[in-house]
Structures are given as C-alpha cells and as structure tokens.
Amino acid sequence: MTGTEKRSDRDENRTESTAKQGGRGAASAVQSVDRAVSVLEILARHGEAGVTEIADELDVHKSTAFRLLGVLENRGLVAQAKDRGKYYLGAGVLRLAGAAAVRLDVSQEGVPVCRELADELGETVNIAVLDDDAAVNIMQARGTASVTAQNWLGRRTPLHATSSGKVLLAHMPPTLREGLLARPLHRFTERTVTVASMLRGELDTVVRQGYAITVEELEIGLAAAASPVRAHDGKVIASLSVSGPVYRLSPERLPEVAKRTEAAAAELSRRMGYGF
C-alpha cells in the first residue's frame with residue numbers, strides 16, 4: 001500500500017469517527033431538549049417539585065436534573081422557592097402561553113371582521129403577525145372578486161415589501177426595528193424600497209396616517225393596504241390587510257380601501273379589548 005493510500009484510509013477513518021461523534025452529539029442534544037420539556041410537564045403536573053423528585057421521574061442522576069433546572073431557570077421557564085428548595089413553573093411559561101393565546105384570539109376574533117370586509121370589497125383579507133423577521137398570515141378571507149387569488153395563509157412575507165409588514169415594522173420597538181433595517185433589504189421588484197432611510201420615512205407616515213399601502217413592491221401586479229390591530233393595552237399585535245390586483249386596487253380606489261381597512265382593524269382591536 002502506498003503512502004497516499006494509507007493517508008486516504010486514515011482520512012476516511014477520521015471522517016467516519018467525526019460523523020459518528022456528530023451523530024452522538026445531535027442525539028444528546030435532542031435527548032436534553034426532551035428531558036427539559038419533561039421537567040416542565042412534571043412541574044405542571046405537581047405544581048412544584050425538588051431536584052430529587054424530578055431526577056427520579058426522569059430516571060437520571062441528580063446532577064443532570066440540576067443542570068436542566070439551571071438552564072430552564074436562566075430562561076425564566078422555572079423558578080425556585082428559596083425557602084423550600086422546590087421548583088415551579090416560571091413567568092417565562094406564561095409569556096410563551098400568552099403569545100400563543102394572542103395569536104389564537106386575534107385569529108378567531110378576526111373571522112367575522114375579515115369576512116365582512118372581504119364581502120364588502122370583494123378582495124382578499126388577511127391577518128398577519130410578526131414572526132421573527134417576517135410577517136406570517138394566520139387568517140384569510142376571500143371576496144367574490146378574488147376567487148382565483150393565491151392562498152396567503154401560513155405564508156411568511158417580508159416586512160419591508162408588504163403592507164402588513166410595514167405596519168408591523170412601524171410599530172415595533174425602535175431598537176428591534178433598527179436591527180432589522182440594518183440588514184440588507186432584498187429587492188423583489190423595481191418598486192421595492194431597499195434603502196433604509198427611505199423606508200424609515202415611509203414607516204413614520206404609516207404611524208401618522210394609520211395605514212400602509214404597497215403597490216407592486218412584492219409582486220408585479222399586486223397592491224395592498226394594511227392597518228394595525230391592537231391588544232387591550234394598545235400594543236400592536238397584528239396587521240389586517242386587503243390585497244388584490246392593481247387593475248382593481250387602482251390609485252383612485254386604494255385610499256378608500258385603506259380607510260375601510262383601517263376601520264375594520266379598529267373593530268378587531270375593539271374586539272381584542274382596546275379602547276375599553
């Protein structure tokens with residue numbers, strides 16, 4: 001066997017060894033996640049529990065249970081009663097549950113509002129919420145004129161190139177918004193705004209006038225208008241939009257559609273407790 005062949009065999013063996021180690025590492029990570037979720041389920045079932053109890057239920061060493069609890073405590077998902085040494089579910093769980101509940105509530109409460117608006121305007125009506133760096137559509141109603149329109153439900157759309165996204169961008173905390181605007185803004189059409197300073201100006205207008213309008217910024221031939229949906233505390237939790245082809249949502253009609261969208265979003269906000 002030549003020196004080159006020997007080196008090749010050694011390299012192949014090292015590659016196989018690394019792959020096996022990587023596989024074990026991935027399996028270990030999945031196991032840790034599974035155990036962490038089990039800890040949360042144990043605390044939900046018992047109300048509170050100590051390290052020994054949790055270790056026994058998980059069938060792991062106390063040191064493993066302690067490490068899992070430490071990670072969960074750092075993320076606010078569990079807390080410890082210092083006087084008893086017991087652990088219980090933390091406020092972080094309530095925060096996550098609250099976020100899920102808001103999505104469910106705004107989607108359910110939005111059904112009659114969106115259907116009425118879709119019937120009135122004949123166009124597609126969507127409710128979108130912020131999902132990291134995109135807007136995701138969680139509810140959709142189609143009007144009579146939009147029978148052949150594409151399905152936006154569940155679709156993630158860019159914040160800077162959609163009316164819903166601009167509403168969500170305009171009302172998010174300044175630090176978060178600036179972090180997103182610092183990233184490259186992808187150009188989808190010739191009309192897409194990709195200069196951060198120009199987009200900031202548009203977002204100021206969105207806040208001032210109460211709605212956002214986009215014309216062929218995401219797709220050629222598509223126009224849309226959107227307004228913010230607020231929770232009981234005034235925080236913007238979603239956007240309500242109307243979209244359709246530019247030959248129906250013409251420059252003459254869009255302002256009227258935007259105002260009607262704003263009114264529907266205000267009605268949905270009222271249903272969410274805003275204004276009481």
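Reader: How many helices and strands does the secondary structure of the protein chain come to?

Author: The model is a predicted one. Its protein chain has both kinds of element, helices and strands. The count comes to eight helices and eight strands.

Reader: What percentage of the residues in the protein chain is buried?

Author: A residue counts as buried when its relative accessible area is under 20%. The protein chain has 276 residues. The buried share of them is 41%.

Reader: Of the contacts with a separation of 6 or more, what percentage is between residues 24 or more positions apart?

Author: A contact here means heavy atoms within 4.5 Å. Among contacts in the protein chain with a separation of 6 or more, some join residues 24 or more positions apart. Their share is 54%.

Reader: How many cavities of 30 Å³ or more are there, and about how much space lies in the largest cavity?

Author: The count of cavities of 30 Å³ or more comes to one. The space in the largest cavity is about 200 Å³.

Reader: Which residues lining the largest cavity are closest to its centre?

Author: The lining of the largest cavity has 19 residues. By type they divide into seven nonpolar, nine polar and three charged. The closest to the centre are Trp 152, Thr 162, Ser 163, Leu 222 and Ala 224.

Reader: Which element supplies the largest share of the lining of the largest cavity?

Author: At least two lining residues come from each of β3 (124-131), α5 (163-170), β7 (222-230) and β8 (236-245). The largest share is three residues. The element that supplies these three is β7.

Reader: How many of the residues of α5 are buried?

Author: The buried residues of α5 are Ser 163, Ser 164, Gly 165, Lys 166, Val 167, Leu 168, Leu 169 and Ala 170. The helix α5 is described as mostly covered. The count of buried residues is eight of its eight.

Reader: Which residue caps the N-terminal end of α5?

Author: The cap uses a side-chain oxygen, which lies 3.0 Å from the backbone nitrogen of Gly 165. Gly 165 is itself one of the buried residues of α5. The capping residue is Thr 162.

Reader: Is Thr 189 buried or exposed?

Author: Thr 189 sits in the loop between α6 (174-181) and α7 (196-209). Leaving out residues up to four places away in sequence, it touches Glu 216, Glu 217, Leu 218, Glu 219 and Ile 220. Its relative accessibility is 9%, so Thr 189 counts as buried.

Reader: What is the distance between the C-alpha atoms of Ala 118 and Ser 243?

Author: Ala 118 is found in helix α4 (residues 91-121), and it is buried, with a relative accessible area of 1%. Apart from residues up to four places away in sequence, Ala 118 touches Glu 123, Val 125, Ala 141, Arg 142, Gly 143 and Thr 144. Ala 118 and Ser 243 are 125 residues apart along the chain. Their C-alpha atoms are separated by 9.9 Å.

Reader: What is the distance between the C-alpha atoms of Thr 205 and Ala 170?

Author: Thr 205 has its place in helix α7 and counts as partly exposed at 28% relative accessibility. Thr 205 and Ala 170 are 35 residues apart along the chain. The separation of their C-alpha atoms is 8.9 Å.

Reader: What is the phi of Asp 59?

Author: Asp 59 lies in the loop between α2 (51-58) and α3. Asp 59 is exposed, with a relative accessible area of 68%. It is not a glycine, yet its phi is positive, at about 60°.

Reader: Where does Asp 132 lie?

Author: Asp 132 has a positive phi of about 65° although it is not a glycine. With a relative accessible area of 60%, Asp 132 is exposed. Its place is the loop between β3 and β4 (134-141).

Terms used:
Residues numbered from 1 in each chain as written. Predicted model: local features only at pLDDT ≥ 70, side-chain atom pairs only at ≥ 80, totals over all residues. Heavy atoms only, no water. Helix = DSSP H or I, 4+ residues; strand = E, 2+ residues; numbered from the N terminus. Buried < 20%, exposed > 50% of the residue type's maximum accessible area, 1.4 Å probe, protein only. 1 Å grid on protein atoms, 1.4 Å probe; cavity = no way out; pocket = protein on both sides within 12 Å on 5 of 7 lines; lining within 4 Å. Points joined across faces, edges and corners; volume = space filled by probe spheres on them. Nonpolar A, V, L, I, M, F, W, Y, C, P; charged D, E, K, R; others polar. Polar contact = N/O pair within 3.5 Å; in protein donor to acceptor, adjacent residues only side chain to side chain.
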